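Student: I have not looked at this structure before. Please take me through it by question and answer.

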Amino acid sequence: MNRIDLTASIVELQALRYTPAGLPALDARLEHESSQQEAGMPRQVKALVKAVAIGAVAERLQRQPLGSVWSFSGFLATPRNSKSVVLHIQEFQQD
């Protein structure tokens with residue numbers, strides 16, 4: 001299963017672009033901060049995550065203010081010619 005649920009703030013939104021199929025696409029960077037348990041000990045976690053939204057989700061995401069916090073759901077994939085994973089946002093809602 002490849003399903004990600006992440007609460008994060010929007011720290012960067014690129015300009016809306018269009019895929020070769022004509023769908024709107026939006027590249028973003030999300031920042032997550034939380035306290036997690038690891039090996040029985042609390043750990044402060046920070047993560048900067050590359051993300052992309054396609055279609056109506058992209059159009060909706062572009063209207064959100066930088067710094068706003070949301071719950072994002074989607075899946076991870078590695079783009080062509082890249083070694084890092086990207087969160088493909090399928091849905092998001094205010095936390």
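Tutor: Two strands pair if DSSP finds at least two bridges between them. Keep in mind that this is a predicted model.

Student: How many bridges join strand 1 and strand 3, and in which sense do they pair?

Tutor: Pairing needs at least two bridges. Strand 3 covers residues 24-38, and Ile10 has Leu30 as its bridge partner there. Strand 1 and strand 3 pair in the antiparallel sense, and the number of bridges is 4.

Student: Which residue stands opposite Ser71?

Tutor: Ser71 belongs to strand 5, residues 69-77. Strand 5 pairs with strand 1 (residues 4-13) in the antiparallel sense over 6 bridges. Leaving aside neighbours within four places in sequence, the contacts of Ser71 include Leu6, Glu91 and Thr7. The residue opposite Ser71 is Thr7.

Student: Is Ser71 buried or exposed?

Tutor: The cut-off for buried is under 20% relative accessible area. Ser71 has 18% relative accessibility, so Ser71 counts as buried.

Student: And Gly40, is that residue buried or exposed?

Tutor: Gly40 sits in the loop between strand 3 and strand 4 (41-54). Exposed means over 50% relative accessible area. The value for Gly40 is 64%, so Gly40 is exposed.

Student: How far apart in space are Gly40 and Leu26?

Tutor: In sequence, 14 residues separate Gly40 and Leu26. Their distance in space, C-alpha to C-alpha, is 38 Å.

Student: Which residues of the largest nonpolar core touch the most other members?

Tutor: The largest nonpolar core has 17 residues. Not counting residues up to four places away in sequence, Leu30 touches Phe72, Leu87 and Ile89, among others. The residues that touch the most other members are Leu30, Leu61, Phe72, Leu87, Ile89 and Phe92.

Student: Which residues lie closest to the centre of the largest pocket?

Tutor: The largest pocket holds about 230 Å³ of space. Its lining is made up of 14 residues, and the closest to the centre are Arg17, Asp27, Ala51, Val52 and Val86.

Student: Which element gives the largest share of that lining?

Tutor: By class, the lining has 6 nonpolar, 3 polar and 5 charged residues. Strand 3, strand 4 and strand 6 each supply at least two residues of the lining. The largest share, 4 residues, comes from strand 4.

How values were computed: Residues numbered from 1 in each chain as written. Predicted model: local features only at pLDDT ≥ 70, side-chain atom pairs only at ≥ 80, totals over all residues. Heavy atoms only, no water. Buried < 20%, exposed > 50% of the residue type's maximum accessible area, 1.4 Å probe, protein only. Contact = heavy atoms within 4.5 Å. Core = buried A, V, L, I, M, F, W, Y, C linked by side-chain atoms within 4.5 Å. 1 Å grid on protein atoms, 1.4 Å probe; cavity = no way out; pocket = protein on both sides within 12 Å on 5 of 7 lines; lining within 4 Å. Points joined across faces, edges and corners; volume = space filled by probe spheres on them. Nonpolar A, V, L, I, M, F, W, Y, C, P; charged D, E, K, R; others polar.
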